[in-house]
Amino acid sequence: MTTGTLITVAPTGAESAKTEVPALPVTLDELLLTAKECEALGASVIHVHIRDDAARPTLDQGRLRATVAALREGTDLIVQLSTGGAVTDPEADRLAVLDAAPDMASCTMGTVNFGDEVFLNRWEFIVDLHTRMQERGIVPEYEIFDLGHLSALQRLLGKYGLPHGGHVHVDFVMGVPGGMPGTTATLVAAQQMLRDLPEGTTFSATGIGRTSLPVLLAALSAGGHLRVGMEDTVTYAKGRPVESNMQLVARAVGFAQLAQRPPLNTAEARALLGL
Ligand code: KMH
Ligand code: ZN
């Protein structure tokens, strides 16, 4: 059954440098302002990476807690912290992200080449993330960078059970150099593999860089949900840098409305995700 559209904004990420992308929100004030504006436009989930005073990616526990508190105080958005961090982050720090007690956290379902780097996600680490989230009542979003990650998720749920809340939600991160391509054919293949996952499993999709629009359109037509933001795309159109996360959310909302799948509000999003 096709529903309205869950729109996640991923405003910052760990890869772009503030010096090269001045519009990137890197301070708590910038993040909070972005969050409020994106919520007003129709986003219901925020996928959060934070930066230090020099705008470098960090998993500092104090900053993570302050960020969760500020987003809860200033918005009704579902707060999803990244446990992916940057490719250089140690596993212990990535696991400790859960101590900041977000509503949701990401859980990447396998290792993937990531441009010239490797985004390492060992099986035991994935199991640790999944079971700790179960124990703490944090709802995971399973990040799928390649089709095999869906088989790993099937194995994870078979061995360790459903996530907190009982609903399974995955995010296809497409077009990473080293992962699955950001094409309609690949999105359809990934969606077909959801048949092996629990009934009712939902998906969102995001396309990195120039795959942003094809993936957005394919996801909408396939009944999927959307993730957009400057973590994934810093070019709005050929030769036009993204001006703000709001610009990307507004475009996603416009397409969702055209598809007659308007954005879910935060209460509807909570119900969908089992929060
Ligand atoms: N920054 C990437 C290495 C996640 O947030 O969980 C990993 C990433 C996935 O962004
Ligand atoms: Zn991320």
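Which residue forms a salt bridge with Asp52? The structure examined here is a predicted model, in which local features need pLDDT of at least 70, side-chain atom pairs count only at pLDDT 80 or more, and totals for chains, interfaces and linings use all residues. Residues are numbered from 1 along each chain as its sequence is written, chains are lettered from A and ligands numbered from 1 in the order in which they are written, and side-chain values use heavy atoms, with hydrogens and water left out.

The partner of Asp52 is Arg56, and the closest N and O atoms of this salt bridge are 3.1 Å apart. A salt bridge here is a side-chain nitrogen of Lys or Arg within 4 Å of a carboxyl oxygen of Asp or Glu. As a general point, side chains of opposite charge can pair when their charged atoms come close. Asp52 is buried, with a relative accessible area of 18%, whereas Arg56 is exposed, at 52%.

A search of the whole structure finds twelve salt bridges. One of them joins Arg122 to Glu124, with the closest N and O atoms 3.3 Å apart. Arg122 is partly exposed, with a relative accessible area of 36%, and Glu124 also counts as partly exposed, at 47%. Another salt bridge pairs Arg227 with Glu231, and here the closest N and O atoms are 3.3 Å apart. Both Arg227 and Glu231 are buried. Through salt bridges that share partners, Glu143, Asp171, Arg227, Glu231 and Asp232 are joined into one network.

The protein donors of the zinc ion (ligand 2) are His47 (NE2), His49 (NE2) and Glu231 (OE), lying 2.1 Å from it. Donors are N, O and S atoms within 2.8 Å of the metal (3.2 Å for Na, K and Ca); water is not among the atoms, so sites may look incomplete. Along the chain, the donors of this zinc ion follow the spacing H-x1-H-x181-E. Distant parts of the chain are linked in this way: His49 sits in the loop between strand S2 (45-48) and strand S3 (50-51), and Glu231 in the loop between strand S12 (225-228) and strand S13 (235-237), 182 residues apart. Helices (H or I, at least four residues) and strands (E, at least two) are DSSP runs, numbered from the N terminus. His49 and Glu231 are both buried.

Ala55 has a positive phi of about 65° although it is not a glycine. This residue lies in the loop between S3 and strand S4 (57-58), and Ala55 is buried, with a relative accessible area of 18%. Ala101 likewise has a positive phi, of about 55°, without being a glycine. Its place is the loop between helix H3 (91-96) and strand S6 (104-108), and at 41% relative accessibility Ala101 counts as partly exposed.

Helix H1 (residues 28-41) and helix H2 (residues 61-74) pack at an angle of about 35°, with their axes 10 Å apart. The contact (heavy atoms within 4.5 Å) is made by Leu28, Leu31, Leu32, Ala35 and Lys36 of H1 and by Ala66, Thr67, Ala70, Leu71 and Gly74 of H2. Axes are lines fitted to C-alpha atoms, for helices over the stretch in contact, and angles run from 0 to 180 degrees between N-to-C directions.

Key: Buried means under 20% relative accessible area, exposed over 50%, partly exposed in between (1.4 Å probe, protein chains only).
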